[in-house]
Amino acid sequence: MGMTMAEKILARHAGREEVAPGDLVLARVDLVLGNDITAPVAIREFYRIGVEDVFDRERIALVPDHFVPNKDIQSAEQAKIMRDFARKFNILHYFEVGRMGVEHALLPEAGLTLPGELIIGADSHTCTYGALGAFATGVGSTDMAAAMATGEAWFKVPATIKFIYRGKLPPWVGGKDLILHTIGDIGVDGGLYKALEFTGEAIEELDMDGRFTMSNMAIEAGAKAGLIAPDATTRDYLKGRASRPYREAFSDEDACYEKVIEYDVSNLEPQVAFPHLPENARPVREAGDVILDQVIIGSCTNGRIEDMRAAARVLEGKKVHKGLRLIIIPATQAIYRQAIDEGLVHTFLDAGAAVSTPTCGPCLGGYMGILARGEKALATTNRNFVGRMGHPESEVYLSGPAVAAASAVTGRITHPEEVL
Amino acid sequence: MEYRGKVWVFGDDVDTDAIIPARYLNTSDPGELAAHCMEDADPAFMVKMQPGDMLAAGKNFGCGSSREHAPIAIKAAGISCVIAASFARIFYRNAINIGLPILESPEASKALQEGQEVQVDLKAGTITNLSTGEVFQATPFPDFMRQLMDAGGLIPYVQQKVAGQKG
Ligand code: SF4
């Protein structure tokens with residue numbers, strides 16, 4: 001009986017010939033991740049276990065990105081717990097302010113997440129690395145603590161749902177539109193306890209950044225992981241970047257899927273998700289008249305260089321609407337620098353946007369762009385839950401970077417074609 | 001383990017931002033987190049609830065972030081047990097890891113009404129609606145999950161294991 005790539009990766013790391021959905025396995029992990037919100041809780045639990053050292057100081061990544069550069073005294077205290085821990089155990093991949101970025105953009109960029117690997121992170125969007133063909137999944141702080149001590153974690157092998165995206169992507173349609181459309185179709189619990197596997201012509205043609213966007217939002221369908229098989233695009237991305245040797249995993253021809261869902265994307269329109277769930281997706285042209293107070297372009301979903309380029313293409317020579325704030329946050333230092341080098345930041349500043357150092361900031365309602373009561377924002381982030389970006393009576397809409405940039409110009413949710 | 005308490009009812013897809021908004025995540029102190037438990041779903045919740053009360057919700061309870069602060073806030077608020085039609089994956093894992101009793105039962109989730117008295121037998125996995133007499137059977141936990149719960153959560157479980165390896 002064949003296995004899916006998710007099953008193969010779990011089997012390999014559990015030292016087993018094969019596994020099947022429902023099996024409970026103890027597996028060795030290749031990387032354990034935590035951030036300034038989740039790591040302090042994990043560190044407290046780690047000390048309770050009573051081991052003298054971490055399992056491997058080179059396989060733990062600690063990224064202060066949520067409330068960093070620190071937004072207040074309390075968040076500074078949390079960040080310090082993590083920094084002190086990193087120093088004490090000489091953690092190799094601790095990323096300080098000025099060298100950091102939003103974790104799920106930063107770790108792939110640093111070559112720390114690789115095909116065929118098993119990765120856990122105390123952050124739900126750890127599933128992002130599935131875009132490289134890794135089995136990567138979000139866990140809680142206690143799981144992180146146990147893995148830092150033992151290098152292992154327990155997994156229930158998930159069944160896999162396969163998605164086939166047929167056809168060529170139309171202009172202005174990218175990874176964000178594909179995944180919003182998918183979540184709109186299957187719902188926010190449509191992938192609950194499952195691994196998703198994204199395949200088909202449209203995926204093969206998607207660049208690495210677009211793939212990261214898709215895998216990033218697998219959790220928004222409740223899924224445990226969102227995988228894409230490695231190919232030439234993956235290998236190109238990893239060239240000169242991969243921090244260790246890796247072994248790719250592919251689904252067998254006769255692998256068993258719980259379900260296969262096919263979409264023809266050749267007529268797909270850019271999507272926008274309405275409050276207060278990512279599943280409320282619809283074509284931008286059917287959005288009606290939604291007047292916006294703020295637009296955010298950034299986050300682990302769409303803060304990469306292709307997203308910056310897409311936004312700049314729309315904003316070139318234009319001004320941000322006078323009734324609105326546009327905040328752009330490149331996801332890592334390297335992306336920030338590249339956006340400067342390519343002249344994108346000039347375009348943003350000329351348009352009247354605020355451009356910030358990398359941080360999660362407004363994505364989770366932390367700081368750097370919090371909404372007041374009744375305000376509406378369009379964001380390239382991944383969640384539009386009640387109160388996600390500020391006041392419980394504010395609203396968040398989700399889209400890709402081109403739609404966000406076009407909307408920043410007109411002041412309301414807008415298809416990019418309307419401003420170009 | 002038996003619990004008895006009044007039930008508070010919530011809908012589908014209660015997310016981790018509703019359970020504990022990110023604006024309060026600049027602390028990891030359970031007591032401070034508990035003060036804001038369920039705040040964005042029901043701002044008066046912490047004023048109304050009594051320690052020992054239970055939550056009942058629809059499908060996909062705890063969706064969204066991996067923040068363990070969500071089950072920690074619920075536990076520290078004194079909620080004895082959460083009953084839902086289904087749980088989001090990471091919330092389910094976190095609740096078991098920290099020892100917050102949870103039960104999955106679509107039938108109970110549908111039937112329970114706010115304010116009713118409920119009794120839960122965790123070992124048997126039964127939920128009894130004391131106001132109506134109805135009894136519901138929850139989805140049983142896999143063996144390994146039960147071992148974790150019996151040990152008191154993941155950390156005591158790993159402690160035992162690590163101590164065993166040393167000895
Ligand atoms: S950018 Fe947003 S979704 Fe991504 S890790 Fe940061 S807070 Fe989480």
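Student: Where in chain B does B:Met38 lie?

Tutor: B:Met38 lies in the loop between helix 2 (30-34) and helix 3 (45-48) of chain B; helices (H or I, at least four residues) and strands (E, at least two) are DSSP runs, numbered from the N terminus. The model is predicted, so local features need pLDDT of at least 70 and side-chain atom pairs pLDDT 80 or more, while totals for chains, interfaces and linings use all residues. Residues are numbered from 1 along each chain as written, chains are lettered from A and ligands numbered from 1 in written order, and side-chain values use heavy atoms, without hydrogens or water.

B:Met38 is not a glycine, yet its phi is positive, at about 65 degrees. Most residues other than glycine have a negative phi. B:Met38 is buried, with 0% relative accessibility (buried is under 20% relative accessible area, exposed over 50%, partly exposed in between, with a 1.4 Å probe and protein chains only).

Chain A has a non-glycine residue with a positive phi of about 65 degrees, A:Tyr193. A:Tyr193 is in the loop between helix 6 (175-186) and strand 9 (195-199) of chain A and is partly exposed, at 28% relative accessibility.

Two peptide bonds in chain A call for a look at omega. The bond from A:Val68 to A:Pro69 is cis, with omega near -5 degrees, and A:Pro69 is placed in the loop between strand 3 (60-63) and helix 3 (73-88). A cis bond, with omega about -5 degrees, also joins A:Pro275 and A:His276; A:His276 is in the loop between strand 12 (271-273) and strand 13 (281-283). Most peptide bonds are trans.

Back in chain B, B:Asn97 belongs to helix 5 (residues 89-98) and is buried at 5% relative accessible area. Beyond its neighbours within four places in sequence, B:Asn97 is in contact (heavy atoms within 4.5 Å) with A:Thr142 and A:Asp143 of chain A, and with B:Leu148, B:Gly153 and B:Leu154 of chain B.

Finally, the ligand. The residues around the ligand, with a heavy atom within 4 Å, include A:His66, A:His104, A:Asp123, A:Cys300, A:Cys360 and A:Arg388. By class, the shell has five nonpolar, five polar and two charged residues. At least three of the shell residues come from each of domain 1 (5-241 + 255-262) and domain 2 (271-419) of chain A, with domain bounds from an automatic or database assignment.

Technical notes: Ala, Val, Leu, Ile, Met, Phe, Trp, Tyr, Cys and Pro count as nonpolar, Asp, Glu, Lys and Arg as charged, and the others, Gly among them, as polar.
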